[in-house]
Amino acid sequence: MSVEMSKPVPRPGILDIAAYVPGKEHAPGVARVYKLSSNETPLGASPKAIEAFKAAAGNLERYPDGQALELREAIASVHGLNPANILCGNGSDELLGLLCHVYLGAGDEGIITEHGFLVYKIQIMGAGATPVMVKEKDHTVDVDAILAAVTDKTKVVFIANPGNPTGTYIPVSEIRRLQAGLPKHVILVLDAAYAEYVRRNDYEAGIEVVSSNANVVMTRTFSKVYGLAALRVGWMYAPAEIIDALNRVRGPFNMNAPAIAAGAAAIRDQSFVQEAVSFNQMWIEKLTSAFEAIGLKVTPSVANFVLIHFPDIDGKRAAEADEFLTSRGYILRAVRGYGFPNSLRMSIGPEEANLGVIEALGEFMGRKA
Ligand SMILES: Cc1ncc(COP(=O)(O)O)c(C=O)c1O
């Protein structure tokens, strides 16, 4: 007989979870606010996606296609994949959670890295398992540190490639080395939320590694370069057995119909993506050199944001910079929770916001930008 309690009590460990805190949105009293705190695109969504979204408004009384076939086929055709190996989710966040709930339980361990995306830890703990955090090297995932942390209890390894909030990446040769060093039953999750932005010859999001191994999955999102964060569209490319397991427990209609339609239209519009990537590349370079010129350190980024490190000097620290920028309408992301107490992450914004932050930080540092 179970012990009676005076009120409903969550499973052990749930109340130890620190809930995810999204990027700030408001700057009280400031007329023009630029939100540069959630790595959203400044360029919006493809007009074709918006059109598809509006068209879906005519059929809101109907359930969506529970298989999200139109979207899976569009993704498959753009990336050259088999739609049977694709699972769509309400944002990639949902897929990360599903993986944990299906493959982790009490007594299991999930490996995450020092500056890794906070959702991994939340979902590992939500499944009743234990997160094991390993060090990064120069703000970059360290394959040897991950392999050294594997135990009999390890079931899943999460890496974001590129990382958030670091913006760094590891080459595909390192991903292969990591896969080769893991036991065959351990799932390697390659979270490639920012893959579209990367312009490096030695980078691969993970398609080839997933295709040739039974224990690797890749997650992707429409929230960044495709500009559909509001609709919550993510997808996973994975071996059939993993897709099958997740399909058994996901919500039967986890993707809503406007999201399916807009996502499919968005991914078919690759010229829109190319423009967004070029815009991003230009500003990553400009912002990095402008911030370095005023005495700030910037972690080299291949994504759509930069991690800016402040000096350990009274009046010049990240918290003070955050306040200064917010008072001028520029909202960046404090990254204390990611192990960077004296840094801010800035998403690439529209031109006027990028120029505004350069000028404001120049003033903050007492240096002409
Ligand atoms: C590394 C990483 N993974 C996943 C996500 C979540 O993406 P989605 O909006 O698809 O849930 C983000 C969003 O910030 C991210 O930075």
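A: First, some ground rules. This is a predicted model, so local features need pLDDT of at least 70 and side-chain atom pairs count only at pLDDT 80 or more, while totals for chains, interfaces and linings use all residues. Residues are numbered from 1 along each chain as its sequence is written, and side-chain values use heavy atoms, with hydrogens and water left out.

The protein chain is split into two domains, with bounds that come from an automatic or database domain assignment. Domain 1 takes in 14-44 + 271-365, and domain 2 is 47-269. Their C-alpha centres are 25 Å apart.

Now the meeting place. Contact here means heavy atoms within 4.5 Å. On that basis, 33 residues of domain 1 touch 30 residues of domain 2. The size of an interface is often given as the accessible area lost when the parts come together. Buried area is that loss, taken with a 1.4 Å probe and summed over both parts. Between domain 1 and domain 2 it is about 2,700 Å², with carbon and sulfur atoms giving 66%.

What about polar links? A polar contact is a pair of N or O atoms within 3.5 Å; within protein, one must be able to donate a hydrogen and the other to accept it, and residues adjacent in sequence count only if both atoms are side-chain atoms. Between the domains, 9 residue pairs are in polar contact, both residues at pLDDT 80 or more. Helices (H or I, at least four residues) and strands (E, at least two) are DSSP runs, numbered from the N terminus. On the side of domain 1 that touches domain 2, helix 10 (270-293) and strand 10 (305-309) each supply at least two residues. Helix 10 gives the largest share, 8 residues. Salt bridges between the domains number 0. Such a bridge needs a side-chain nitrogen of Lys or Arg within 4 Å of a carboxyl oxygen of Asp or Glu.

Next, the ligand. A residue counts as near it if one of its heavy atoms lies within 4 Å. There are 13 residues around the ligand, and S92, D191, Y194, T221 and S223 come nearest. In the side chain of Y194, an N or O atom is 2.6 Å from a ligand oxygen. For N164, the side-chain N or O atom is 2.7 Å from an oxygen of the ligand. A polar side-chain atom of K224 is 2.9 Å from a ligand oxygen.

P165 sits in the loop between strand 5 and helix 6. Another cis bond joins N161 and P162, with omega about 0°. P162 is placed in the loop between strand 5 (154-160) and helix 6 (172-181).

Last, a salt bridge. K135 and E114 pair through their side chains, at 3.4 Å from N to O. K135 lies in the loop between strand 4 (130-134) and helix 5 (143-149), and E114 in the loop between strand 3 (109-113) and helix 4 (118-126), so the pair ties together parts 21 residues apart in sequence.

How values were computed. Buried area is the accessible area (1.4 Å probe) that two parts lose on being put together, summed over both.
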